[in-house]
Every structure is written in C-alpha cells, then in structure tokens.
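Student: Please take one part of this model and look at it closely. I want its neighbours, its pairing and its surroundings in one connected account.

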Amino acid sequence: MLHLRDGASVPVDVVAIVEGLGITLEGSTNLGSSASGCLMRVGSAFGILFNTSVASLGYRRFTIGHELGHHQMTHHRRTLFATGQRHLSQPGFISSRWHELEADHFAAELLMPRDPFVAALDRHAPGLDAVREIAEEFETSLTSTAIRFAKLSSEPVAAVVSQDRVVRFSWVSEALGNVPGVGRIPMRPDDPVPSSATLSLTSNPQKVRRAHRVAVNCRSDTWFPRTSTTFALREEAIGLGSYGRVLTILTADYVPDPDDYDSVPRRSSRSEDPWAEGWGTTPRSARRSWR
Ligand SMILES: [Zn+2]
C-alpha cells in the first residue's frame with residue numbers, strides 16, 4: 001500500500017511513486033479521444049497508460065494519479081475488470097460513477113497534500129489568480145486545483161465547472177456553505193448555470209476555446225437564490241480551452257454570520273460523497289470568526 005511521508009515536497013513526483021510500486025507507466029497514442037488514461041492488468045502485474053495527446057501536464061499528472069487510485073483502492077478491481085483487463089478513464093470530476101469520483105479525489109489528495117496546499121492558500125488572496133498560481137506550483141490541472149481550493153480554504157469561496165450552459169461539478173467551502181440558504185452544493189450536475197457572467201462565457205464556444213477570462217462583482221443571490229440575506233460576490237470565470245468547459249471561482253469578502261440565523265434550519269442533508277471530510281463536524285465554538 002501507498003504511504004506518503006509527511007512533509008512531501010511539491011510538485012509530488014507521481015511518476016516515481018508509480019514506478020516505486022512496480023507499476024509499468026507508458027505513454028500511449030492508442031487510447032482514442034475520449035480516454036486520457038488506462039489501468040491494465042496482466043496476470044498479477046499492473047500497467048498505467050496515459051494519452052500522449054493530452055497537452056496539459058497538470059491533467060496528465062492527474063490522470064496518472066487517478067489510475068494509481070484505482071490500483072490502490074483494491075475494491076475497485078471487481079468493477080473495473082468485470083468485462084476485461086483494461087479500464088479506460090476520463091478523470092477530472094466529469095464522471096458520476098462512484099469509482100471514477102473516488103479515483104479523482106485520490107489523485108487530488110495525492111498531488112495536493114493538505115499541509116503544503118493549506119500553506120500555499122495562506123500565501124494568496126482567494127480568487128482565480130490564486131488557483132492558477134497554486135496549480136503552477138503543484139503542477140496540477142486548473143479544475144482539480146480549484147476543487148481542492150474550495151475544499152480546503154477557510155475563506156468563503158466556491159468553484160464551479162460548467163459546460164454547454166449547465167453545471168458539471170461544484171464545490172463550496174465550509175465558510176460559505178455554512179451561510180443559511182447556500183447549502184453545501186447548491187448546484188448539482190446538470191443544473192442550468194444561472195444568469196451570470198459565467199453563463200455568457202459558457203454560451204460562447206470561441207471564447208471558451210481561447211481561454212477568455214471574465215471578472216465581475218455580483219450579488220450572492222445570482223448564484224445562491226435561497227439565502228435570506230444577500231451579500232457581495234466576486235465572480236471570476238475562465239474558459240478551459242479545448243475541453244469546452246468553464247471554471248468559475250466565487251469569493252466573498254463578507255458573509256452573514258450563521259449564528260445570526262438560528263431560526264433558519266441549517267441544511268441537514270449530508271453529501272453522499274464519502275470524501276466529504278470534516279464537513280459539518282466543526283463545533284460552533286471552534287469556527288473562525290467571519291469577516
Ligand atoms: Zn478511472
């Protein structure tokens with residue numbers, strides 16, 4: 001099994017980890033356009049293939065981490081190899097299948113270990129620039145970095161990935177999710193993107209391909225219509241190039257204090273995501289003060 005030492009330096013050397021486990025790692029030109037990686041089993045040996053047509057180093061590294069996740073989580077094998085000895089992957093929080101999401105979260109936690117990632121967050125003001133700079137430092141994809149950012153930030157932030165005017169994936173930080181009416185995941189996959197700067201961008205494929213970027217100030221009810229008090233949000237969005245997706249980062253300088261809204265029932269439904277570490281477990285007294 002994989003045991004990472006504490007204080008591992010970044011960028012994490014995922015190739016050395018894979019090879020250290022005796023897994024063969026090779027680039028491939030035969031995976032087609034829909035798969036960025038593959039885990040293969042030959043007898044008791046395993047191999048990982050990554051699609052050499054993927055230009056993004058961060059996404060390639062994420063793919064290798066995803067396949068390693070399948071290898072390390074041995075309960076995946078019965079599903080992955082049910083009909084053959086090859087599992088083709090399309091990582092990046094795109095698939096809704098449980099084993100694909102587990103492998104995605106494994107890759108994110110492997111490539112962006114909590115301690116150095118939180119230290120990096122402390123060095124940046126929250127926003128899209130922070131996500132871009134941290135992605136460069138950790139050699140990770142913009143999408144996976146944004147999701148980790150929203151998951152680990154102590155600030156009120158959210159990351160939303162959309163495509164063709166619908167939400168593909170979103171994550172809200174605890175500080176924002178605790179605001180009554182926001183909810184942990186306000187937008188579920190296939191919800192329409194609300195009328196916003198992001199909607200305008202995702203409606204323009206050319207701008208998405210050219211990595212066009214927008215930044216606007218908006219009201220919180222643009223994205224979170226169920227909040228009883230509105231507050232100011234900064235909305236920054238960028239086209240993710242040939243992937244056809246748009247990444248949106250939402251940040252707030254101020255959010256209402258949840259303790260002012262004791263009469264409003266807090267969202268009780270827990271995520272079905274088994275990786276929702278620590279969500280809702282912070283005692284009220286231990287929460288940081290809201291700015
Ligand atoms: Zn997979």
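Tutor: Start with a definition: two strands count as paired if DSSP finds at least two bridges between them. Keep in mind that this is a predicted model. The average pLDDT for the protein is 85, and 85% of the residues reach at least 70.

The part to look at is strand β5, residues 157-163. Its setting comes first. β5 belongs to an open sheet of five strands, in the order β6-β5-β9-β8-β7, and the pairing is antiparallel. The edges are β6 (166-172) and β7 (213-219), each of which pairs on one side only. From one strand to the next, the twist averages 20 degrees. A helix also packs on this sheet: α6, residues 128-138. α6 touches β7, β8 (232-239) and β9, and its direction lies at about 45 degrees to that of β8.

Now take the two neighbours of β5 in turn. On one side is β9, residues 245-251. Seven bridges hold β5 and β9 together, and the two run antiparallel. V161 sits opposite L247 of β9. S162 has V246 of β9 as its bridge partner.

The other neighbour is β6. Six bridges link β5 with β6, again antiparallel. A158 faces V172 across this pairing. β5 and β6 also form a hairpin, with two residues between the strands. Look at D164 there: this residue takes a positive phi near 50 degrees.

Next, ask how much of β5 is covered. Buried here means under 20% relative accessible area. By that cut-off, seven of the seven residues of β5 are buried. Side chains in a regular strand alternate between the two faces of the sheet. In β5, one side carries V157, A159, V161 and Q163, and the other carries A158, V160 and S162. Both faces are covered, and the residues on each are all buried. Note that Q163 and S162 are among the buried residues.

Of its 16 residues, 14 are buried, so α2 is largely enclosed by the rest of the structure.

One caution concerns residues 263-291. pLDDT stays under 50 over that stretch. The model still has 52 contacts there beyond four places in sequence.

Conventions:
Residues numbered from 1 in each chain as written. Predicted model: local features only at pLDDT ≥ 70, side-chain atom pairs only at ≥ 80, totals over all residues. Heavy atoms only, no water. Helix = DSSP H or I, 4+ residues; strand = E, 2+ residues; numbered from the N terminus. Axes fitted to C-alpha atoms, helices over the stretch in contact; angles between N-to-C directions. Contact = heavy atoms within 4.5 Å. pLDDT = per-residue confidence, 0-100. Buried < 20%, exposed > 50% of the residue type's maximum accessible area, 1.4 Å probe, protein only.
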